[in-house]
Each structure stands twice: as C-alpha cells, then as structure tokens.
Amino acid sequence: MGRRRAAIVGAGHTRFGALAEGPRALLRTAISGAFASVDKGLAPSDVREAYVGTLGFSGWQLGNVSAVVAEEAGLVSAPVTRVENACASAGFALRDAVRAIESDATDVALVVGLEKMTDPTPTRRRYWLGVSGDTEWERLAGLTFAGVYALLASRHQHEYGTSREALAEVAVKNHAHAVANPNAQFRKPVTVEQVLASPRVADPLRLLDCCPVSDGAVALVLAGEDRARAYTDTPVYVAATGAGSDYLAVQERPSLTSLAATRWAAEEAFRRSGLERRQISFAEVHDCFTIAELLALEDLGFAAPGEAAALTHSGATRLGGAFPVNPDGGLKAKGHPIGATGASQAYEVFQQLRQAAGARQVRGAERALTHNVGGSGASATVTIFSVA
Ligand code: COA
C-alpha cells in the first residue's frame, strides 16, 4: 500500500506590505481566514499538530510564537513547533506537516508562516536581512543580501551572456501578474525601461530587481487524504516534497550559477511523486531577486543551464503562456515576509488548483510546484501538488 497523502483543505492569507497590524493580529487574520475557508467546517479541536515558520525578524517579535499560534488558533492541547530555516521557514514547516500526516502521526495539521519586517529602522533591517547569510565571512566582506545575489547574477552574465534586459523581464512579468492579486504589495505594472532606470542596489541589481521588505502571515489547514473530503469536495493533494541543504557561504560552493539545494530538493520531489517536469502546469518559485527566478527555472529542470532567460523572453512563463511562473506576482511584486513566503506559495497553488484564482487563473491547472529557498541557497524545499 502506498503512503497516505496529505491534502490542503483550507487556507488564509493577510495582505502583504507595510501593515499597521502587529504580529499577533496578522496571525489571527491568517488563521481565522484558513479555518473559515474550510467548506464543510472545521473545529479547532480537530487540529492535532501545528507548525509555524518564522525567522523572528528583528528579534523582538513574539518570543514564543508557538504559544501565540496555539492561542490564536484555539488549540487546547495540540503541540505547536516553531520551524526556522531563513526564507524557507514556512516551506520547511509545510514539509513537517506533510510528513506528520503521511506517517499517520496526525490527521489534521495547521501550518502558519509569519514575518513582520517593516518596524525596525533601516540599519537594523539590513542587519536582520543579513542573518540568513554567512555572518562570518560574507558580512565581514561587507556583503549585503542583495550583494550576494548580485554576485550570482554577475557570474551568470559572465558564463551565459545573460543580459541586463533578461533580468528586467522577470520583474516586468511578475509585476504584471501581481496586478490581479488583491494580497500583493505592489499592484502596479513596470516596464523594462523603468527597471533599468531604477536606483542601483548592488550592481547589476537595481531596486526593481529586488523583492521588498514586507509584513504578512499565511495559514494552511492540511488533512490526511482519507479525511480530506469530510472538510471539502475540492482538496488539493501534496504529491511529494523534497528538501536539500548546501554550504551557507557562497565562497564554499563549487558553482555560483546553480543552487545545489534546489537541484537536490527537486530531484527528491520528482522521484517521490513519480511525475515528470512536463506534467506540471505552473510553478511558484523563489524570486527574491530577478536572477533567482532564472536560477530556479534552471535548477528545477524547467530550462537547461543558461536557457532560462530565453524561456522568459519567449513569453512561456507569463500568464497565458505554456508554463506560467509566479502567477501571484512572486516575491518580487507580491512581497516577501520572510517566514510567510513558503506558505503563501502553497496558498496560491490551493487557489489555482481549485480554479479559484480569478483574473490570474492558470487555465486548466492540474499540477503545480512550489520552490522555497533559505538564505542565498543554503536550503531549499520543493513541493508538488495535484488536484487528484
Ligand atoms: N520593488 C519595487 N519598489 C520598491 C521596492 C522593491 N523591492 N522596495 C521599495 N520600493 C519602493 C517603495 O514603495 C518606495 O516607493 P515610493 O517612494 O513611491 O513610496 C520607494 O521604492 C523607496 O522605498 P524604501 O523602503 O525607502 O526603499 P529602500 O531603499 O529602503 O529599500 C531595498 C529598497 C531594495 C533595499 C529593500 O526593499 C530590500 O532590501 N529588499 C530586499 C529584501 C531581502 O533581501 N529579502 C530577503 C531575500 S531572500
């Protein structure tokens, strides 16, 4: 007998952006939204396990975030575990919940992702963005987080001739997608010319190549496939997850044009799911900087090394194209509240595979992949979802 699959049966999402609400209020909105979205109803006491992904940006927010999740979700006795894996915190929290269900340890689990990033001063913000990278050598050398990705972009340009315009096209596409996402931080289209004229952050990356600093929370309710239809007639199944880790500092890695953690996570997820790349309808990838989307498409196996720019230029990754990427606007335009992002990607898949994504619907979507990266590639998760 095969393993029991997990399925998403409900999901809640706050707006992303610079929000007035504190972390507890964000959690409350996301969790109550997830519970209310369960078509046939869910009692808090049904949830027997919960995982919360958060970096804990700025150090002060909700020291014991697990206890606050338990309170806000009305969990009386169920355990809550905090998962920290930099920008991939919620991707790893989701993976833990899936494995708890697959192993029969629990029937219903809650996954929450949270970050509140806009409160600290810009100096403290830069410090906290850096903690997800190597704080000994990279930081000593004066590298910012954007600076690390700028190195990856420069090397990709050097090895493959990737043009500055090719990076800009990723931002243009994702900003266009976010226009149709009511939760997105930036709902305004941008042009290649605007990207190229935006202020330089870390050469060759400019302001419009970067994800923003964001607040937000997301919650998902998962159930075992034998229980899922008691909650909804349209569950979204997790076909498989994969994960990998790599060196923290980029100087330790043999290549700057490929993230091995992504490759390993993808290999595991595809092997465990038994699916092929061509069977995936669309993907939500970790585009914290425009170069990151190109690296993701190559490392996930959707483009050959050095070919993601041409794939993007062809229009295939746009909504309406053969293989849409980041239909919700991605980290670039939807926003990137660090610990919430992995859950937000799954939220989008839940809407899309139920054909409930409105103006940004990927027509006929049946299977999707999410890809969540921690640090500059120190870790990654890949999850594959299916309607049946
Ligand atoms: N994309 C588009 N517009 C952006 C933006 C972004 N990433 N970041 C800021 N803006 C806009 C703001 O809305 C604001 O517009 P307005 O003047 O019309 O109100 C303007 O640019 C200035 O915003 P501000 O917040 O002062 O920018 P900043 O210079 O402090 O920060 C970055 C800009 C790019 C440095 C910052 O967003 C950043 O560090 N991003 C990367 C975050 C990161 O590394 N996350 C982890 C990655 S895994």
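Hi everyone, let me start at the ligand: a backbone N or O atom of Pro212 lies 3.3 Å from a nitrogen atom of the ligand. That falls under the term polar contact, a pair of N or O atoms within 3.5 Å; within protein, one must be able to donate a hydrogen and the other to accept it, and residues adjacent in sequence count only if both atoms are side-chain atoms.

Before I go on, a word on the source: this is a predicted model, where local features need pLDDT of at least 70, side-chain atom pairs count only at pLDDT 80 or more, and totals for chains, interfaces and linings use all residues. Residues are numbered from 1 along each chain as its sequence is written, and side-chain values use heavy atoms, with hydrogens and water left out.

Back to the ligand. Which residues are closest? Of the 14 residues that surround the ligand, they are Cys87, Phe145, Cys210, Cys211 and Lys332; to be counted as near, a residue needs a heavy atom within 4 Å. A polar backbone atom of Cys211 sits 2.8 Å from a ligand nitrogen, and for Lys332 a side-chain N or O atom is 3.0 Å from a nitrogen of the ligand.

Now zoom out to the domains. Domain 1 covers 6-121 + 214-237, and domain 2 covers 141-211 + 241-381; these bounds come from an automatic or database domain assignment. Their centres, taken over C-alpha atoms, are 23 Å apart. In contact across the boundary are 41 residues of domain 1 and 34 residues of domain 2, with contact meaning heavy atoms within 4.5 Å. The buried area between them is about 2800 Å², and carbon and sulfur atoms give 66% of that. Buried area here is the accessible area (1.4 Å probe) that two parts lose on being put together, summed over both.

Strand 1 (6-13), helix 3 (89-102), strand 4 (108-116) and strand 7 (215-224) each supply at least two residues of the domain 1 side, and helix 3 gives the most, with eight residues. Helices (H or I, at least four residues) and strands (E, at least two) are DSSP runs, numbered from the N terminus.

What about salt bridges? A search of the whole structure finds 21, each a side-chain nitrogen of Lys or Arg within 4 Å of a carboxyl oxygen of Asp or Glu. Arg272 is in helix 10 (residues 260-273) and Glu102 in helix 3, so this pair ties together parts 170 residues apart in sequence. Their side chains meet in a salt bridge at 3.5 Å, N to O.

Finally, some backbone details. The peptide bond from Asp203 to Pro204 is cis, with omega near 10°. Asp104, in the loop between helix 3 and strand 4, has a positive phi, near 70°.
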